[in-house]
Amino acid sequence: MSVRREEILDAAERLVRRAGYAGVSTRAVAEEVGIRAASLHHHFPTKSDLGEALTDRYTERFMEKLGPPEEARNAPAGPVSVYCDAFRESLRRDGALCLCGVLGAEMSGLPVGVAENARTFFARNLNWLTEALREPGAAPAHSRAVHILSALEGAMMLTVAMEESSVIDAVCSELIAANQRTPPAQIS
């Protein structure tokens with residue numbers, strides 16, 4: 001991928017995470033990068049093309065950051081801690097909502113390809129969490145995964161809206177505590 005293409009995607013991600021898909025024009029992205037709109041359209045002929053590439057890249061990067069669910073399942077702090085850390089790190093680093101969380105709120109107004117890619121982000125996250133949470137004798141992993149993802153997306157929104165980082169920290173603490181592994185019962 002070319003450097004210019006990456007710059008365009010970086011600028012688009014920053015803008016969409018703050019203003020939403022509908023609130024960002026390709027002209028604004030071009031201005032953010034310091035190029036003409038025609039140059040942007042050389043890389044992304046339409047805004048939808050830009051949105052699709054953006055959501056693909058965002059999803060791949062997020063999933064890469066999480067790593068294999070088996071590794072998270074075996075992590076000393078447990079998979080929920082690994083997952084919470086990815087959300088917290090993203091929020092602290094960028095000070096903005098999850099890109100696909102923003103797009104999820106705009107779903108009815110998104111181009112089909114962008115909406116499908118946002119859904120793919122959530123589906124892949126739920127699949128990852130379900131696999132990472134799978135344990136014999138535990139509550140159904142999929143419903144727990146839905147709860148965790150929903151809580152973290154909401155916590156990001158409240159953290160940004162209230163400008164209060166303790167919100168996501170409190171939600172993560174609760175999620176981690178609620179999903180701690182219980183050691184097997186000792187037989188005497």
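The report below covers basis, pocket, cavity, helix packing and aromatic pairs.

## Basis

This is a predicted model: local features need pLDDT of at least 70, side-chain atom pairs count only at pLDDT 80 or more, and totals for chains, interfaces and linings use all residues. Residues are numbered from 1 along each chain as its sequence is written, and side-chain values use heavy atoms, with hydrogens and water left out.

## Largest pocket

The largest pocket holds about 320 Å³ of space. Its lining has 14 residues, and Glu-13, Arg-17, Tyr-58, Arg-93 and Asp-94 are the closest to its centre. Helix 1 (3-19), helix 4 (47-66) and helix 6 (79-94) each give two or more residues to this lining. Helix 1 gives the most, with five residues. By type, the lining of the largest pocket has nine charged, four nonpolar and one polar.

Some terms apply here. On a 1 Å grid over the protein atoms alone, a pocket is an open set of points with protein on both sides within 12 Å along at least five of seven lines; a cavity is a set where a 1.4 Å probe fits but cannot get out; lining residues have an atom within 4 Å of a point. A volume is the space filled by probe spheres set on the points, which are joined across faces, edges and corners. Helices are DSSP runs (H or I, at least four residues), numbered from the N terminus. Ala, Val, Leu, Ile, Met, Phe, Trp, Tyr, Cys and Pro count as nonpolar, Asp, Glu, Lys and Arg as charged, and the others, Gly among them, as polar.

## Largest cavity

The structure has one cavity of 30 Å³ or more. The volume of the largest cavity is about 60 Å³. Its lining includes Ala-12, Val-16, Tyr-21, Lys-47 and Leu-54. Helix 4 gives the most to this lining, with four residues. The lining of the largest cavity divides into seven nonpolar, three polar and one charged.

## Helix 1 against helix 2

The axes of helix 1 and helix 2 lie 9 Å apart, at an angle of about 120° (lines fitted to C-alpha atoms over the stretch in contact; angles run from 0 to 180 degrees between N-to-C directions). In the contact (heavy atoms within 4.5 Å), residues of helix 1 including Arg-4, Ile-8 and Leu-15 meet Ala-28, Val-29, Glu-32 and Val-33 in helix 2. The contact residues are seven nonpolar, no polar and four charged.

## Aromatic pairs

There are seven aromatic pairs. Rings of Phe, Tyr and Trp (its six-membered ring) pair if their centres lie within 6.5 Å; planes under 30 degrees apart count as stacked, over 60 as edge-to-face and the rest as tilted. Phe-62 and Phe-87 are edge-to-face, because their ring centres are 5.3 Å apart and their planes at 80°. Phe-62 lies in helix 4 and Phe-87 in helix 6, so this pair ties together parts 25 residues apart in sequence.
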